[in-house]
Amino acid sequence: MRETIATTATAAPQLTATELGLNSVGTIYRNLSYAELFSHEQANNEGKVAANGTMMVDTGKFTGRSPQDKYFVQQSPSRENIAWGRVNRPVSPEIFDELYSDVINHLSGKNIYVLDGYSGANHNTRKCVRFITEFAWQSHFVKNMFIRPQTTELPGFSPDFRVYNAAGMTNKNWEKHGLNSEVFCVFNVEKNVAIIGGTWYGGEMKKGIFTMMNYWLPLENILSMHCSANVCKSGDVCLFFGLSGTGKTTLSTDARRKLIGDDEHGWDDDGIFNFEGGCYAKCIGLAEESEPEIFHAIRRDALLENVVYDEDGVIDFADGSKTENTRVSYPIEHIANHEPRLKAGHPKNIIFLTCDAFGVLPPVSKLSRDQAMYYFLSGYTAKVAGTERGVTEPQATFSACFGEAFLPLHPTVYAELLGEKMARHNVNAYLVNTGWTGGGYGVGQRMSIAATRACVNAILDGTIEQTEFEQSRWFRLKMPKELPDVDSKVLNPRNAWANKDAFDATARKLAGMFIDNFKKYIKDDNTFDFTQAGPQI
């Protein structure tokens with residue numbers, strides 16, 4: 001097929017099929033503008049346009065990541081660094097080569113969308129990433145999520161890492177290869193390439209690069225983190241760690257503070273820096289009244305995934321019939337009060353967010369450094385009944401460092417770096433429960449966003465340090481007795497339960513889950529044992 005090149009006002013020098021690693025191409029659409037991507041999405045019938053002008057796409061049967069289909073090529077020297085197991089599954093170089101060849105053959109001869117972007121706002125450690133995709137909306141997604149090079153930077157752009165997204169193909173030989181399914185997302189550290197097949201979910205590209213940053217940076221003594229971050233006018237930085245659904249994006253988006261980023265950051269000798277140039281927010285239940293910044297970020301150039309809408313394109317954010325994981329990606333500039341440098345100094349406060357569906361953790365508690373290490377490694381939240389098939393009561397979920405699915409190295413590598421940096425920069429740490437109070441799921445009620453924001457505000461303005469604390473029984477957490485705009489009855493969760501015996505039994509049960517989970521981090525040499533900082537039965 002004769003090769004043609006699409007040029008635009010923002011295009012970098014022309015690429016060839018050979019430079020892309022493909023056998024042949026149709027038209028190469030490289031670094032298209034938002035307006036051009038929108039036109040291609042419409043012309044290709046890749047999505048629908050919402051009433052407010054936002055493009056909407058469906059990702060098919062995969063409306064979330066497929067963690068059981070993620071692999072690393074097992075080869076030296078990376079094999080000595082990777083923590084192999086349930087999260088990081090090995091695949092042989094031979095299987096990778098076969099899949100890579102299939103991906104290249106699938107993409108060759110097609111019209112191709114190429115997006116060049118940076119991961120990391122620190123110029124000294126950022127990675128140049130090239131995404132090669134079949135569809136305009138996939139290029140739109142990564143344009144939203146990664147840092148967009150200046151036009152003057154594009155001529156010299158040379159990728160450190162390439163992602164080939166062949167969403168339209170599957171691995172027919174997955175059983176012969178001994179893999180989980182026909183879907184695959186495989187990382188080859190030595191060849192600096194990732195290949196994706198069988199899933200249309202855009203988040204695989206975003207989290208794939210996050211996974212690689214979690215490999216590269218700690219080996220340079222830089223902490224990589226699954227957290228959001230914001231900064232006030234005086235320069236005080238706050239980090240928000242938390243798993244999906246705990247409020248990480250919502251609580252860090254604050255009209256009174258500049259948003260550095262909502263999901264992925266690094267911490268080096270200069271301070272905090274964002275990996276990304278955009279945000280990826282959950283949309284389920286989104287309301288202008290409670291989350292105005294995110295609500296108004298959904299406009300032209302944003303990209304909605306799997307939302308439900310009527311024939312006029314009016315979105316029903318409350319409708320989760322397609323998925324509870326409805327999403328929107330948008331460039332960070334859509335948040336008016338963002339930090340344009342995407343970086344700031346060292347944090348003053350760290351907040352660990354948990355959605356405790358058992359209803360026994362305080363809405364806010366202050367942590368010692370050892371407790372911070374314990375709860376960071378535990379990475380606790382809870383699933384609630386109805387969110388997954390077979391879940392009929394709250395289920396504890398422990399994800400190391402609040403992002404275990406994206407950690408190629410052993411979790412203690414990240415925890416040790418966090419502890420060192422907290423000690424060096426005298427950082428405060430807090431645990432905030434955005435889950436239930438007055439009883440577990442189905443009995444109590446969910447913490448209101450207003451009450452949780454009041455707890456966070458007390459941390460940020462220092463009010464919490466002026467209050468008197470009491471210690472909880474099972475978890476031995478320091479709980480404030482009073483805080484502005486928070487009902488004092490809920491600050492000690494036991495007081496909010498009508499049945500105190502039921503509270504004690506539930507708290508003891510959850511404490512036991514914490515203890516059982518943490519046993520895997522206890523080393524024989526006792527050099528990294530924070531069990532004494534955790535719950536006691």
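This is a predicted model: local features need pLDDT of at least 70, side-chain atom pairs count only at pLDDT 80 or more; totals for chains, interfaces and linings use all residues.

Q: Why is Phe475 called buried?
A: Buried means under 20% relative accessible area. Phe475 has 3% relative accessibility, so Phe475 counts as buried.

Q: Where does Phe475 lie, and which residues is Phe475 in contact with?
A: Phe475 is in the loop between strand S30 (469–471) and strand S31 (478–480). Leaving aside neighbours within four places in sequence, Phe475 is in contact with Val360, Leu361, Gln371, Tyr375, Ala507, Leu510, Ala511, Phe514 and Pro535.

Q: How many residues does the largest nonpolar core have, and which have the most contacts inside it?
A: The largest nonpolar core has 120 residues, and Leu239, Phe352 and Phe475 have the most contacts inside it. Helix H6 (residues 203–216) gives the largest share of this core, seven residues. A second, separate core has 26 residues, among them Leu20, Tyr71, Leu107 and Val114. In soluble globular proteins, nonpolar side chains tend to be buried together.

Q: Which residues does Phe352 touch, not counting those up to four places away in sequence?
A: Contact requires heavy atoms within 4.5 Å. On that basis Phe352 touches Phe241, Leu367, Ala372, Tyr375, Phe376, Phe402, Leu418, Tyr430, Leu431 and Val432.

Q: What makes the disulfide count come to zero?
A: A disulfide needs a pair of cysteine sulfur atoms within 2.5 Å, and by this rule the count is zero. For Cys227, the nearest cysteine sulfur is that of Cys238, 9.4 Å away, and Cys227 is in no disulfide. For Cys455, the nearest cysteine sulfur is also that of Cys238, here 13 Å away, and Cys455 is in no disulfide.

Q: Why are Cys227 and Cys455 called buried?
A: The cut-off for buried is under 20% relative accessible area. Cys227 counts as buried because its relative accessibility is 0%. Cys455 counts as buried because its relative accessibility is 2%.

Q: Which element gives the most to the lining of the largest cavity?
A: H6 gives the most, with four residues. Strand S10 (184–188) and H6 each supply at least two residues of this lining. Lining residues include Arg65, Lys70, Cys185, Glu204 and Phe406.

Q: How do the linings of the largest cavity and the second largest cavity divide by class?
A: Asp, Glu, Lys and Arg count as charged. The lining of the largest cavity has four nonpolar, three polar and four charged residues. The lining of the second largest cavity has seven nonpolar, four polar and no charged residues. Among the residues lining the second largest cavity are Phe210, Asn214, His226, Phe241 and Tyr414. Strand S12 (223–231) supplies the largest share of that lining, three residues.

Q: What volume does the second largest pocket have, and which lining residues are the closest to its centre?
A: The second largest pocket has a volume of about 320 Å³. Of the 16 residues that line this pocket, Ile147, Arg148, Gln150, Pro340 and Leu342 are the closest to its centre. By class, the lining has six nonpolar, five polar and five charged residues.

Conventions. Residues are numbered from 1 along each chain as its sequence is written. Side-chain values use heavy atoms; hydrogens and water are left out. A nonpolar core is a set of buried Ala, Val, Leu, Ile, Met, Phe, Trp, Tyr and Cys residues joined through side-chain atoms within 4.5 Å. Buried means under 20% relative accessible area, exposed over 50%, partly exposed in between (1.4 Å probe, protein chains only). On a 1 Å grid over the protein atoms alone, a cavity is a set of points where a 1.4 Å probe fits but cannot get out, and a pocket is an open set with protein on both sides within 12 Å along at least five of seven lines; lining residues have an atom within 4 Å of a point. Grid points are joined across faces, edges and corners, and a volume is the space filled by probe spheres set on the points.
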